[in-house]
Amino acid sequence: MNKNLKITYVSLYEFIIYIIIFLHLGFFNIFSRFDTKTLFISAILSIMCFLIYLEQPCKNTIKSKWVIYYVLGVIVAFFVQLGRLSSVGSNLTLIQAITLYDFIFLSLLIFPLYEILVHNQKIFIKNIVILVFLALLMRLSIWVLYNFTAVRFTNYIIHSENWTRPVFGKLFMRVNNTCLDGLAFVYLAKNLLIDKKNKILSIFGILFMYLYVIFVSQFRMQLIAFTLILLVFAYKSALKSSKKYLNTFFLLSFICIAILALSNKLGSFFNTFSTTNISYGGSTQTRLLGIDYLFNRWKAINPWLGIGFIANEVEVIEGTYWLSDYGFLIAIVQYGIVGGIIQVIPFIVGIIDSIKRFYKKNTVYEIGLTIYLLIVGISFNLLENTNYIVIPLYIAFILYSSNERIRE
């Protein structure tokens, strides 16, 4: 195949996917509630991108057949759940269900994404990271206006002015993170600890993301994920050194000393997950009650096929439960045992592959994203609406890592 022709296909994939990512990062939400429009446009563009991919001659071979089964499985599950709307007592109409759950067609992006990673990974990921930081800066600006000034304007970035938590004794309104924070952080950590390039810029980027999580989004699981990624990458870097045993010893010693020195702070941090904590206990208690309610409903309707498509906000006598708060559990609750297994296949493959190929150089993104998604996915639903874009990216990295012919 003509090399220029292949580059043309890859460039077209990149252009389409940049549009999708721009939409999913919520830039238009500053003007209107754009989430459902984003999902619909992204679904159409994903199908178009996949159809172009089918026409591409001499594609890179994908040996992992589980990917094909995964894509077929999630799309079939989508249509099965649409057919069950009335029988499960869903609070959505057919049109509402399609517009809320058509994000599943983004799974078709796995194949063109793999082509991009093979031919133009570095520039592609760098451009995505730039978009992520622009989105974070936009959200930070809104957070500053709402917390430190009297300026108010209609926007759909903020969840609610009452969505607040105390940080170091001061109450701050929170603003959500983006769907691709994990990829941006892995990119910076890779530059700093593995590739050892752009160190100053990477340090500032990592520091910014930490401060954003602590003060702006106040997402505790993300804080844990970021820290674990840095520790694993530091260990991976130490193993590459000519003094790997000495470096590993110093790294482990530093971790032990840090844990001892910050034991009180760490104890306070983990205490925030307790139901008795003054600031966070109510949130934790509500989630536990929600788990009980959702699993009872799951058992009553159909454990094999789940409770089906329902709105993210579930209002009951006890209060309001948000499906987005229940992470991977909601995959089993909504899609049942069958659909839930299909949904988590990439994570199972990612864990196994990350362990098997830990010492390979081209597995850094796969390892970093596996850590991030598994930890964040405990309390945050990644398998929904605009968050789902990270899943096809993650699977594409798994495919990329498993290609032994690729050397970075």
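This report describes the charged side chains and the cysteines of a predicted model.

## Salt bridges

Side chains of opposite charge can pair when their charged atoms come close. Across the whole structure, two salt bridges are found.

One of them joins Lys 190 to Asp 195, with an N to O distance of 2.7 Å. Lys 190 has a relative accessibility of 7% and therefore counts as buried, the limit for that class being under 20%. Asp 195 has a relative accessible area of 24% and is partly exposed.

In the other bridge, Asp 353 pairs with Arg 357, and the closest N and O atoms lie 2.8 Å apart. Asp 353 is buried, at 8% relative accessibility. Arg 357 is likewise buried, because its relative accessible area is 15%, which falls under the 20% limit.

## Cysteines

The structure contains zero disulfides; a disulfide would need a pair of cysteine sulfur atoms within 2.5 Å.

Cys 49 has 0% relative accessibility and so counts as buried. Cys 179 is also buried, with a relative accessible area of 9%.

Definitions and conventions:
Residues are numbered from 1 along each chain as its sequence is written. This is a predicted model: local features need pLDDT of at least 70, side-chain atom pairs count only at pLDDT 80 or more; totals for chains, interfaces and linings use all residues. Side-chain values use heavy atoms; hydrogens and water are left out. Buried means under 20% relative accessible area, exposed over 50%, partly exposed in between (1.4 Å probe, protein chains only). A salt bridge is a side-chain nitrogen of Lys or Arg within 4 Å of a carboxyl oxygen of Asp or Glu.
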